[in-house]
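Reader: I have a chain to go through with you. Let us take confidence, helix packing and aromatic rings in turn.

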Amino acid sequence: MSDVVIPGVDGDLTGVLLQPTSAPAPAPAVIVLPEIDGFCAGTVAAARRLAATGYVALALDLYAPYGSTPILRNTEDTLAWIARLSDRHQLSDLAMALSWLRDLPGVDADRTAVLGFSIGGRYGMLMTTEPHGLRAVVALYSRPWPGGAIADVALAPGEHVARFGTPVCAIFGADDELIPLEMVDEFGRLLDRHPLLGHEVHTLPGRHFFANESRPRRYLPESAEAAWAIALEFLASRMARPPWSPQTAGVAPMAR
């Protein structure tokens with residue numbers, strides 16, 4: 001495990017880089033992105049799981065250029081924090097982190113993915129609309145259509161499904177107060193229009209944050225383990241070793 005500093009658009013990003021304990025080099029790599037309240041022990045724990053499974057895993061603090069995330073005590077704090085952010089800025093920083101990760105010795109640059117929680121998964125899905133070369137994105141309880149005060153300014157993955165060029169695995173909580181099941185169903189219908197990409201949608205018991213070990217009041221071990229089983233199987237199938245092509249993997253090539 002090592003702490004790393006990565007150049008961003010307007011300041012350095014930081015993170016924790018974990019190497020696989022037993023995997024032939026070069027190894028596939030995954031960036032782990034946290035929820036809106038930022039980098040935490042749960043982010044590193046997720047990266048540790050991936051490293052134990054054979055991936056180079058980067059737990060990334062996208063908000064480091066802002067001084068990391070402030071303490072969000074209530075809705076007003078959260079809205080003020082969101083107002084400081086910019087989806088396009090975060091996506092540009094994420095693209096730079098992905099390039100940095102690909103350049104590391106021991107990383108297979110052709111086998112990279114993003115696993116994100118909540119807003120982190122939304123960023124991951126939005127990355128698939130551009131040719132960043134990702135093999136897979138796993139989004140856990142990530143709202144396809146942002147709501148509330150940011151509905152008119154945030155980028156919505158649900159509006160861009162036709163542009164997804166990478167397989168997406170979206171995992172939701174059946175009791176999530178932020179993502180109604182009707183929204184999950186609508187997102188699933190949109191993904192189903194692109195069967196060659198092999199998108200997946202899963203719903204498990206739990207509220208928002210059910211897979212974050214740092215949230216003891218929300219964390220549901222059974223659902224978290226089920227989510228990880230789904231995520232790891234999805235990543236393994238999409239991150240198979242070369243030779244690989246969209247046609248042989250049953251994945252439609254990205255429209256240019």
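Reader: What is the mean pLDDT of the chain?
Author: This is a predicted model. Of its residues, 90% reach 70 or more. The mean pLDDT of the chain is 88.

Reader: How do α3 and α4 pack: roughly parallel or roughly perpendicular?
Author: Helix α3 spans residues 87-102 and helix α4 residues 119-127. Their axes are 10 Å apart, at an angle of about 75°. Angles of 65 to 115 degrees count as roughly perpendicular. Therefore α3 is, relative to α4, roughly perpendicular.

Reader: Which residues in α4 does α3 meet?
Author: From α3 come D87, Q90, L91, L94, A95 and L98. By class, the contact has seven nonpolar, one polar and two charged residues. The α4 side consists of R122, Y123, L126 and M127.

Reader: Is the aromatic pair of F117 and Y141 stacked or tilted?
Author: The centres of F117 and Y141 are 6.1 Å apart. Their planes make an angle of 45°. Stacked needs under 30 degrees, edge-to-face over 60. The pair is tilted.

Reader: How many residues apart in sequence are the parts that this pair ties together?
Author: F117 lies in strand β5 (residues 107-117). Y141 is in the loop between β6 (136-140) and β7 (168-173). So the pair ties together parts whose separation in sequence is 24 residues.

Reader: Which residues form one aromatic cluster with F117 and Y141?
Author: F117 and Y141 are both buried. The cluster they belong to also takes in F209 and F210.

How values were computed: Residues numbered from 1 in each chain as written. Predicted model: local features only at pLDDT ≥ 70, side-chain atom pairs only at ≥ 80, totals over all residues. Heavy atoms only, no water. Axes fitted to C-alpha atoms, helices over the stretch in contact; angles between N-to-C directions. Helix = DSSP H or I, 4+ residues; strand = E, 2+ residues; numbered from the N terminus. Parallel < 35°, antiparallel > 145°, perpendicular 65-115°, else oblique. Contact = heavy atoms within 4.5 Å. Nonpolar A, V, L, I, M, F, W, Y, C, P; charged D, E, K, R; others polar. pLDDT = per-residue confidence, 0-100. Phe/Tyr/Trp six-rings, centres within 6.5 Å; stacked < 30°, edge-to-face > 60°. Buried < 20%, exposed > 50% of the residue type's maximum accessible area, 1.4 Å probe, protein only.
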